[in-house]
Amino acid sequence: MQPRMQTLSLLRASEPLWFHEVRTVLKYLWAFPTTAVGLLFVPLAIMTRGQWQVVGNVIEINGGAVQWFLRACVPIAGGASAMTLGHVVLGTDRHTLDRTREHERVHVRQVERWGPLFIPAYFLAGAWQWFRGRNPYRDNPFERAAREETQPRT
Ligand SMILES: [Zn+2]
């Protein structure tokens with residue numbers, strides 16, 4: 001088959017454009033309760049000399065009070081380097097955001113699937129691991145999925 005023909009048959013086989021657009025809007029709305037929590041950090045970052053940038057469909061913020069929050073308030077030994085809250089990703093600094101982007105984008109897709117249930121489901125999954133004597137962060141199925149999805153294939 002010629003490349004042009006392949007493209008045409010792929011278009012025919014895929015969903016109509018309007019369906020894709022409606023699904024995208026619903027995905028953002030479904031994720032919005034979690035994104036709204038992340039958006040609370042944007043003015044906080046700006047007021048405390050933090051930075052923000054838009055990368056793809058995500059607002060990334062770092063520095064200032066966001067850095068302090070990740071290091072001092074996240075109950076992981078040594079704090080967190082990054083955290084996804086819907087379509088907002090918090091990072092300690094820009095370099096960390098670059099380094100963790102692929103991993104955090106898996107969490108963005110998880111929020112798009114779980115919507116307002118993401119935060120409670122994440123904490124319940126961690127609590128369940130802790131209850132079983134495992135590490136609530138490292139053994140959390142959301143974290144395991146993110147690690148598995150971003151591991152280089154051999
Ligand atoms: Zn993670």
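## Terms and overview

Helices (H or I, at least four residues) and strands (E, at least two) are runs assigned by DSSP, and they are numbered from the N terminus. This is a predicted model, in which local features need a pLDDT of at least 70, side-chain atom pairs count only at pLDDT 80 or more, and totals for chains, interfaces and linings use all residues. Residues are numbered from 1 along each chain as its sequence is written.

The protein chain contains seven helices and four strands, and along the sequence these follow the pattern α-α-α-β-β-α-β-β-α-α-α. Taken along the principal axes, the C-alpha atoms of the protein chain fill a box of roughly 55 × 40 × 30 Å. Of its 154 residues, 25% count as buried, where a residue is buried if 20 or more other C-beta atoms lie within 10 Å of its own, exposed if 12 or fewer, and partly exposed in between, with C-beta atoms placed from the backbone.

## The sheet

Strands of a sheet pair through backbone hydrogen bonds, either parallel or antiparallel. In this model, four strands form an open sheet in the order 1-2-4-3, with mixed pairing, where two strands pair if DSSP finds at least two bridges between them. The edge strands, each pairing on one side only, are strand 1 (51–55) and strand 3. Neighbouring strands of this sheet are turned by 20° against each other on average, direction ignored; axes are lines fitted to C-alpha atoms, for helices over the stretch in contact, and angles run from 0 to 180 degrees between N-to-C directions.

Strand 2 and strand 4 run parallel and are joined by four bridges; Ile59 stands opposite Val88 in strand 4, and Ile61 has Leu90 in strand 4 as its bridge partner. Strand 3 and strand 4, in contrast, pair in the antiparallel sense over four bridges, and here the partner of Thr84 is Val89 in strand 4. The hairpin of strand 3 and strand 4 has two residues between the strands, and Gly86 in this hairpin takes a positive phi near 65°. Strand 4 is covered on both faces, with Val88 and Leu90 buried on one side and Val89 and Gly91 buried on the other.

## The nonpolar cores

A nonpolar core is a set of buried Ala, Val, Leu, Ile, Met, Phe, Trp, Tyr and Cys residues joined through C-beta atoms within 7 Å. The largest one here has 13 residues, and those with the most contacts inside it are Phe41, Ile61, Val66, Val88 and Leu90. Two or more residues of this core come from each of helix 3 (41–47), strand 2 (58–62), helix 4 (64–72), strand 3 (82–85) and strand 4 (88–91). A second, separate core of five residues includes Ala31, Val108, Val111 and Phe118.

Leaving aside residues up to four places away in sequence, Ile61 touches Phe41, Val42, Ala45, Gly50, Gln51, Trp52, Val66, Val88 and Leu90; two residues are in contact if their C-beta atoms, placed from the backbone, lie within 7 Å.

## Helices around the sheet

Helix 4 lies across strand 2, strand 3 and strand 4, and runs at about 85° to strand 2. Within helix 4, the residues Val66, Gln67 and Leu70 are buried. Seen down the axis of helix 4, its buried residues fall within an arc of 100°, so they line one face of the helix; the arc is that of the directions from the helix axis to the C-beta atoms. An α-helix has 3.6 residues a turn, so residues three or four places apart point the same way. The buried residues of helix 4 pack against helix 3, strand 2, strand 3 and strand 4.

Helix 2 (residues 17–39) lies across strand 3 and strand 4, and runs at about 135° to strand 3. Helix 5 (residues 94–114) bends by about 65° at Arg101, the bend at a residue being the angle between axes fitted to the seven residues ending there and the seven starting there. The buried residues of helix 5 are Leu97, Thr100, Glu104, His107, Val108, Gln110 and Val111, and they pack against helix 2, strand 2, strand 3, strand 4, helix 6 (118–131) and helix 7 (141–150).

## Two positions with positive phi

Just after helix 5, Gly115 takes a positive phi of about 55°. Arg49 lies in the loop between helix 3 and strand 1, and has a positive phi of about 65° although it is not a glycine. Arg49 counts as exposed because it has 10 C-beta neighbours inside 10 Å.
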